[in-house]
Structures are given as C-alpha cells and as structure tokens.
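Biologist: I'd like to learn how to read the features of this model. Could you start me off with cavities?

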Protein chains: 2
Amino acid sequence: MSKKNKTTIKDIANVLNISAAAVSKALHNDSRISEKTKKAVKQVAKNLNYQPNHLASALRRGKSNLVGVIVPKTNSNFFSSVIESMETVLNKAGYNIIITQSNESFEKECKNIDTLLFTQVDGIIASMANETVDLSHYEKIKSKGIPLILFDRGENDLNVDYVGINDYHSSHLIVEHLIAKGCKRIAHIGGYRRTRIFNNRIRGYIDAIKKNNLPIDDNLIIESDLTLNDGRKKMAKMLNFENRPDAVYVAGDYAALGALQVLNENNIDVPNEIRLVGFGNEPFTSLISPTISSVNQHSNDIGRLTAETFLERVSNPEIKQTLNKIILDAELIVRDSSK
Amino acid sequence: MSKKNKTTIKDIANVLNISAAAVSKALHNDSRISEKTKKAVKQVAKNLNYQPNHLASALRRGKSNLVGVIVPKTNSNFFSSVIESMETVLNKAGYNIIITQSNESFEKECKNIDTLLFTQVDGIIASMANETVDLSHYEKIKSKGIPLILFDRGENDLNVDYVGINDYHSSHLIVEHLIAKGCKRIAHIGGYRRTRIFNNRIRGYIDAIKKNNLPIDDNLIIESDLTLNDGRKKMAKMLNFENRPDAVYVAGDYAALGALQVLNENNIDVPNEIRLVGFGNEPFTSLISPTISSVNQHSNDIGRLTAETFLERVSNPEIKQTLNKIILDAELIVRDSSK
DNA sequence: TACCTTTGCTTAATCGTTTAAACAAAGATA
DNA sequence: TATCTTTGTTTAAACGATTAAGCAAAGGTA
C-alpha cells in the first residue's frame, strides 16, 4: 500500500460536498441515493482514480472475499487445471483465491491452514497431503465456522463437502478394459491404503477382478508412494516373479512412467507382452513412446463444482443443509500401452 | 470469518482487567510492558484461542503483508519451484503470497494486477506473459508506489528490479557444446524475438556461431511459440531442407520434445545423426528416450533472490537505490540427445 | 526535601468503509 | 390544514488493532 494515490471515499465526498456515507452508498447503488448523485460520485471516483480499500471494507463487513486453496503441489496438470477453473467461477462471484502448496507434507499443511486463517479467508478449499492422517487442523477450520470443501483427496471422517471422481468405478473401467484385451494376470501398483482415494482404487480393482471370475493374487497388489522411482522399483520387482503379470494398472502416471521405463529397458513389448495403464492423464502420457493409457479426472469439472459448492455454503451459512458429496465418473483414455 | 470464536484483544483485556492497548503491546513484546503482564496476556490469549485479526492490523498499519505473484502458468516445473523457494523466504519474513496465473494472456495479466492491487498487496512479483507488449498495467503498479520485481520474463523498458538467468550466455554454452561434439550446421528453434529472453537466446546463438567461425544460415533460425506441436511442425519443416542441420537447439523443452518425436518417427538417430538440446530442464527431459539435454535455470536461486530483492525494497522504500539486475549463469545438463 | 527518570500502564485517535438510525424536505392523503 | 410516506441525505458508531501522548507511581539523585 502506498502513501500516494490514496484516494478515499472522503476525498470524493469533499469534492462533491456530500457525506462519505452517501458516497459509499452511491458506489453500491443504494436505492435511496438519487441517480444524479450516483452519476456524479462515479464520475469523480473515476477522475480521482479511486480504488476501494479492501482491508477496510473487509474489516467492517466481516468478510474478506478471499478463499484459501491448499493443494499438495501446483506442479501437476490436474491441480493446476482444477485451480484454473475454480478461479474462474470464484472470480466471477467476487472472490479471489490464495493458493498454497503442502508439498505432501503434514506439517506444511498445518502451517498453510494457520496462514490462511490468519489472512481471514472466507473459506478453505483443500486437497489433502499424502502424509496427513491426523485431522485436527481441519477440525480447526470447521470450528471457526468457515466453509471447508475438500476435493480429490478427501476424508470421510471429516464430514465436510467433497468433490471427486469415482475411484472405485475407475478401477472397474481399467480392469474390464484389460480383460477385454485378453489379459488374465492383472497387477495393481496402488497408492497407500490409508489414503481414501487409493484405497478405493484398490477395492475397485479387487472387486472387478472377482466379478470377472479371475483369481486374486496378493503378490500382484503392491502399495507404493507412486513416485517415478518407486514405480521403477515395484515394476522391477514384479519382473522377477516366476509368473509375471500380463498387465499392470498403476494408480499414478508418474509411477506408470517409471514402470514403463523398466519395461522398455528389459525389452519387454508393451502392450503385446505386458499392457500398462496409468492414472491422472498427465500430459506426458501422450508424449512418450509408447503413449500410456490413463484416466482423465475431469479437472475442470472438479474445479467448477468445488467452487460452486463453496459459493452455495457461504450464501446460506446457517442452513445445516445436507452434505454435498459430488462424485464424478472418470473417463478411461486408451492409448498405445494397452491397445 | 466467523461470528463465533472471534476472540479480540478486548476480550483478553477484560479478563485481565487491563486496557486493550496494553494487550496489544504485550503481544508485541513492547519494552514498556512488564514481564508479568506479558506472561499473563500470552497465557490468556492461548486459553481463549486468540488469533489476531489481520485485516484490522493491516488497515491500521497500512501494510497487508501480502505479496502478489503473477506467473504465466503454475503448471510448469520452473515456475512452481520458483514459487516454492520464494514462499520460504517470504514466509520467514512474515509475508504471505497470493499466486495468480496469467495463462500467457495479456488480458488475464491486467485482471490479475487489478485483483492484487485491490487486495492491497505490499508488492508484486511477476513473470510476464508471452502476449504482453503494452506495459501500462505494470506502470500502474509503479505509480501506486509499491515494489514491483520481475523474474525470468522481464522487460528492460520498465526499469524495475529483475532476476533471471543469462540467456545470451546459455546459448553460447549450448552452441559450444554442440561444436565440441563435431556439429557444423546447428539450427535454432527459438521463441518470439519480441520477448526479451528469447531474443537474447537468439542473439547468443548467432554470436556463438560467428565466434566459432561457422556460417550463419537464416533458414536455420526459426521463431516458434515453443509449444510441443509447434516444435513438431518446425522440426518437420527442417527435415525437408536439402541440407539438413546436424544439431538443433530448441529454446523450450516442450518444443524440443515435439522435435524429438518427429525425429524418432522419421527414424533419425539422435544424437548420432542429429543432436538435440532443449531449454528449461523440465522433469520429462530425463524421463523419455533418449533423454534430452537441457538448461537448468536455477529456479530455487531465482525464487530466493527475487524474494530477497523484494524484502530489500520494502525495508528501504524511500531510498531510490540503484536498480537490482541479478543475472545468474545457467547450467547446461548434457544428456543422451547430444552425447 | 525537591526534583528528575524510569516504569507500566491508560486514553483516545486513527486506518477507510459500512450501516443503523435520525432527520429534513417534499409529496401524498384524508 | 394536519398527518403520513417517501425520498435523499447526514450523523455517528462500529469493525479490531496500533500508537502517540499522557499520567501516576516508584525509584534515583543531589
């Protein structure tokens, strides 16, 4: 904030010889202010290059019109697209967003929440870090009485609005696609079971396998942190099995890429020898060779719906309306790695 | 902001039967408040779960402790790392950041600036959109008297602090590396000349070629928007030359990837037939086959230095100190595509 | 004893905007 | 003419924290 150029409503009032209150009302199109005054006020405001002091109005109204957003990492196509469409909706409604990154760290997530609450945001939209198990910091948000909306990485126990995709069903799509291609031993490199979305993918995988009368082999279900390197490790491990899988469904694209690298290095023909499917539809999946089949998570819809859910909450804060749980169906994009 | 849990310094004052002013001072460790009172105040603050109202203090002090950040897209490894290290430094100094994306659009950039000024940020740190030519919106920031720091995508005409890498010199590194490998016809798929950093890379390329007594062939210098698709197009075009290049230096990794795809599809041996170097060191450059040589832009240093430059500016706002232009030397990372 | 300093607090104004309440003037109603 | 409504404005009190100025009590100095 600067010392110069600090035109206030008082300055406008002085020019027109009316009260500051009248100016404020004129600028907000109050019905009790005459058209003549409104026009004059707006003209002077323009001339003096008036910019309302957001802090003052936020303080007075008890609303900052700021929404805090917490994502594990902006450096991912999914999250950056979600944020983009979220921003569009919220900006239109007069809200601005503050983006913070947790870097998948529980500690950083706590700090982010403190920061956002300190900044007096009107609400928080978050996707949880992998590390997060303890939820007390999220309870803190709830206890402040401001809306909390989760997307993608949510948690049932928290009992708050949630927008995400149907992970359970996505696993069915993938497994059935692979079976249709003739695969009989489908492995799953999944995320940690304690993270709900990954647990859902694992459950979906198991149920889909059973539903299609294939045997469940526990060796073929491996938990991973889904980084590229861990994808490599887990894939390498599987190649040592005496009974190799003929397909691998990896719950994250980076880990899928790691797996693909190992397969390529071992001269294994993808898709003919082993088929591969990733998750998340990161841009690189269509850039490498072979291109990797993956699941599109509809980031734009998720962003838009999350924002709309937030707006709904702030517009009727008292109403203890039923929880919004919006679950979208994801879309399997078949590419060369499983054709 | 909520109606409940709104503990204020007045509440603390009431409990202890002292004035609100004393509470404020105690919380700020004012030397004129006794240790006994300070301890008591802090204890009560903790008990009542007191959180200072940032808006009120910002209004009063004329400082929001918010820094606005504008980047073309958070969805890039470079920008997301810059932001991360910037945030670390700024948080330590008591500042929080508001991240906005311009999506390379001039119009969106203008809107972002309006939003940030409206939010009363104490300063703006920006990297310009590709589209931006007109600079009046940046002048607006300067005229408000708040610090403006540019990084990576800057502009000399604006006359503000800048942190970036030595693009001119980076081109020398690349060209000389390729010449050392025996290349004689080195092409350059560059960005638009009107963007300073790309212009510098082109100038560096030309001067390095000349310096090494190789001929300049204008056909080998091609402007591009550096998207993956355009990289493909420009590479395909070059393959039709009767006199093909034996190396291609692409000013962006995504376009370099596009070029590589075309080379692979045409069964051209990279690096033996044509060597390839990209720019930006995006993670995928080391993920694909062959891995792509690229330039590391020291995102962490850039973020840190940008933040430090900002802090320097806000701490001595009056001093019309000389402009900070920090230019780091980039680092060429040689990978398979040019080995 | 008389005066000066230091310590530890209080009072009151302030940041710029919003808004409930008051009020004057004009117009409508009976 | 007397009373009620409507219109268009002003007054003044907030929002919560900060801070210059003031002041009383305690301690120090000569």
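Modeller: On a 1 Å grid over the protein atoms alone, a cavity is a set of points where a 1.4 Å probe fits but cannot get out, and lining residues have an atom within 4 Å of a point. Grid points are joined across faces, edges and corners, and a volume is the space filled by probe spheres set on the points. Here, A:His54, A:Leu55, A:Leu66 and A:Thr119 line the second largest cavity along with B:His54, B:Leu55, B:Leu66 and B:Thr119. Its volume is about 40 Å³.

Biologist: Before we go on, what kind of model is this, and how are residues and chains labelled?

Modeller: This is a predicted model, in which local features need pLDDT of at least 70 and side-chain atom pairs count only at pLDDT 80 or more, while totals for chains, interfaces and linings use all residues. Residues are numbered from 1 along each chain as its sequence is written, chains are lettered from A and ligands numbered from 1 in the order in which they are written, and side-chain values use heavy atoms, with hydrogens and water left out.

Biologist: Which elements give two or more residues to the lining of the second largest cavity?

Modeller: Helices (H or I, at least four residues) and strands (E, at least two) are DSSP runs, numbered from the N terminus. For the lining of the second largest cavity, the elements giving two or more residues are helix H4 (54-61) of chain A and helix H4 (54-61) of chain B.

Biologist: How do the residues of that lining divide by class?

Modeller: Ala, Val, Leu, Ile, Met, Phe, Trp, Tyr, Cys and Pro count as nonpolar, Asp, Glu, Lys and Arg as charged, and the others, Gly among them, as polar. The lining of the second largest cavity has four nonpolar, four polar and no charged residues.

Biologist: How many cavities of 30 Å³ or more does a search of the whole structure find?

Modeller: Two. The largest cavity holds about 70 Å³. Chain A lines it with A:Glu87, A:Asn91, A:Asn96 and A:Ile97, and chain B with B:Ile98, B:Thr100, B:Asn112, B:Thr115 and B:Thr119. That lining divides into two nonpolar, six polar and one charged.

Biologist: Next, helix packing. At what angle do H1 and H2 of chain A pack?

Modeller: Axes are lines fitted to C-alpha atoms, for helices over the stretch in contact, and angles run from 0 to 180 degrees between N-to-C directions. Helix H1 (residues 9-16) and helix H2 (residues 20-27) of chain A pack at about 105 degrees, their axes 8 Å apart. H1(A) and H2(A) are therefore roughly perpendicular, a label for angles of 65 to 115 degrees. Contact means heavy atoms within 4.5 Å. A:Ile9, A:Lys10, A:Ile12 and A:Ala13 of H1(A) make this contact with A:Ala20, A:Val23, A:Ser24 and A:Leu27 of H2(A).

Biologist: And what about H2 and H3 of chain B?

Modeller: Their angle is about 95 degrees, with axes 9 Å apart, which makes H2(B) roughly perpendicular to H3(B). On the H2(B) side, B:Val23, B:Ala26 and B:Leu27 meet B:Lys38, B:Val41, B:Lys42 and B:Ala45 in H3(B). By class, this contact has five nonpolar, no polar and two charged residues.

How values were computed
Parallel < 35°, antiparallel > 145°, perpendicular 65-115°, else oblique. 1 Å grid on protein atoms, 1.4 Å probe; cavity = no way out; pocket = protein on both sides within 12 Å on 5 of 7 lines; lining within 4 Å.
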